[in-house]
Amino acid sequence: MKKQLLPVIMTLAFVTTGCRQTSEFAITDLHVHLKGNFTIEDAIRKSEAENIQYGIAVNCGLGFPVHNDSQIDSFLVIMNDYPQFYVGMQAEGREWVDLFSKESIEKFDYVFTDAMTFTDEKGRRNRIWLPEETFIDNEEEFMDYLVKSLITILNTEPVDIYVNATFLPEQMADRYDHFWTEKRMNEVINALRSNNIALEINNRYEIPSADFIKRAKKAGVRFTVGTNNADENFSGAKYALYMIKECNLTEGDFWLPVKKERR
Ligand SMILES: [Zn+2]
């Protein structure tokens with residue numbers, strides 16, 4: 001229901017206020033990819049036009065173009081010419097921890113990951129945004145295993161942000177509130193808090209829910225804004241702006257990296 005309702009609410013807000021949604025404070029989208037036809041020059045233009053700061057992130061891991069230390073250096077050499085952007089590492093799969101040296105990982109301004117890739121108890125490597133690579137024998141057991149994998153990731157992998165947070169596979173996504181029970185939400189929020197990991201509010205998938213965000217805020221978890229664009233067709237951080245109002249988030253509720261000197 002959440003997914004269908006949001007556009008209606010936002011359209012109403014648009015009509016009644018007569019202006020576009022804005023925030024009291026500067027917005028930084030830390031999950032922007034140079035994908036599809038979206039180039040670094042486009043990023044400069046769009047960031048300025050929409051008054052949103054960007055962190056440009058590169059996917060690093062098994063099966064991705066960046067899968068060793070020297071490829072990280074090649075990417076960072078390009079990004080050195082664009083000091084207006086933060087530079088982020090999207091750590092992919094669970095193998096990334098062994099693929100890259102600590103020194104190379106630390107060259108990025110920040111590191112994030114999600115729980116969308118994991119190997120299940122039967123040894124099947126799930127990539128849960130792809131229906132053909134998602135293995136659900138029993139939905140509740142799948143959910144338990146997903147949360148267990150996520151907690152292990154948060155407790156063991158050296159990341160700053162948990163992104164695409166609370167993402168569910170297509171066949172379960174329409175029952176988000178059913179699967180994200182209070183117990184499961186609390187487990188994830190406790191792991192975020194104890195490991196000092198920020199929670200991404202994702203514009204593309206419109207997750208996590210307002211309920212999840214309010215609970216995380218109450219527990220002292222900090223947030224980031226992210227889009228995870230697949231191409232050039234994205235704009236405005238609408239879901240994050242809506243959640244900022246809905247959950248009364250202030251500038252102090254958000255986490256930002258520190259830009260590193262790379263030259
Ligand atoms: Zn991404």
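Residues are numbered from 1 along each chain as its sequence is written, and side-chain values use heavy atoms, with hydrogens and water left out.

The score called pLDDT is the predictor's confidence in each residue, from 0 to 100. For the protein chain the mean pLDDT is 93, with 92% of residues reaching 70 or more. Residues 12–19 have a pLDDT below 50, and this stretch makes four contacts in the model beyond near neighbours in sequence (a contact means heavy atoms within 4.5 Å). Where pLDDT is low, the predicted coordinates should not be read in detail.

## The zinc site

Which residues hold the zinc ion? The ion is coordinated by His31 (NE2), His33 (NE2), Gln90 (OE1) and Asn228 (OD1), at 2.0 to 2.6 Å. Donors here are N, O and S atoms within 2.8 Å of the metal (3.2 Å for Na, K and Ca); water is not among the atoms, so sites may look incomplete. Along the chain, the donors follow the spacing H-x1-H-x56-Q-x137-N.

The angles among the four donor atoms run from 87 to 173°, and the site is irregular. That label is what remains when other shapes do not fit: four donors count as tetrahedral if all angles lie between 85 and 135 degrees; four count as square planar and six as octahedral if opposite donors are over 155 degrees apart and all others between 65 and 115. His31 is buried, with a relative accessible area of 0%, and His33 is also buried at 0%. Buried means under 20% relative accessible area, exposed over 50%, and partly exposed in between (1.4 Å probe, protein chains only).

## Salt bridges

Side chains of opposite charge can pair when their charged atoms come close. A salt bridge is counted when a side-chain nitrogen of Lys or Arg is within 4 Å of a carboxyl oxygen of Asp or Glu. The whole structure has 18 of these salt bridges. One of them joins Lys107 and Asp73, with the closest N and O atoms 2.7 Å apart. Lys107 sits in the loop between helix H5 (102–105) and strand E4 (110–113), and Asp73 in helix H3 (residues 69–79), so this pair ties together parts that are 34 residues apart in sequence. Helices (H or I, at least four residues) and strands (E, at least two) are DSSP runs, numbered from the N terminus.

Asp253 and Lys217 form another salt bridge, their closest N and O atoms being 2.8 Å apart. This pair also links distant parts of the chain: Asp253 is in the segment after H11 and Lys217 in helix H10 (residues 210–219), 36 residues apart. Asp253 is buried at 13% relative accessible area, whereas Lys217 is partly exposed at 28%. Elsewhere, a network of salt bridges links Asp120, Lys122, Arg124 and Asp137.

Helix H11 spans residues 238–246, and its buried residues are Tyr239, Ala240, Leu241, Tyr242, Met243 and Ile244. After H11 comes Asn248, whose phi is positive, near 50°.

Where is Glu95? Glu95 lies in the loop between strand E3 (86–91) and helix H4 (96–99). Glu95 is partly exposed, at 25% relative accessible area. Leaving aside neighbours within four places in sequence, Glu95 is in contact with Leu62 and Arg125.

How values were computed: This is a predicted model: local features need pLDDT of at least 70, side-chain atom pairs count only at pLDDT 80 or more; totals for chains, interfaces and linings use all residues.
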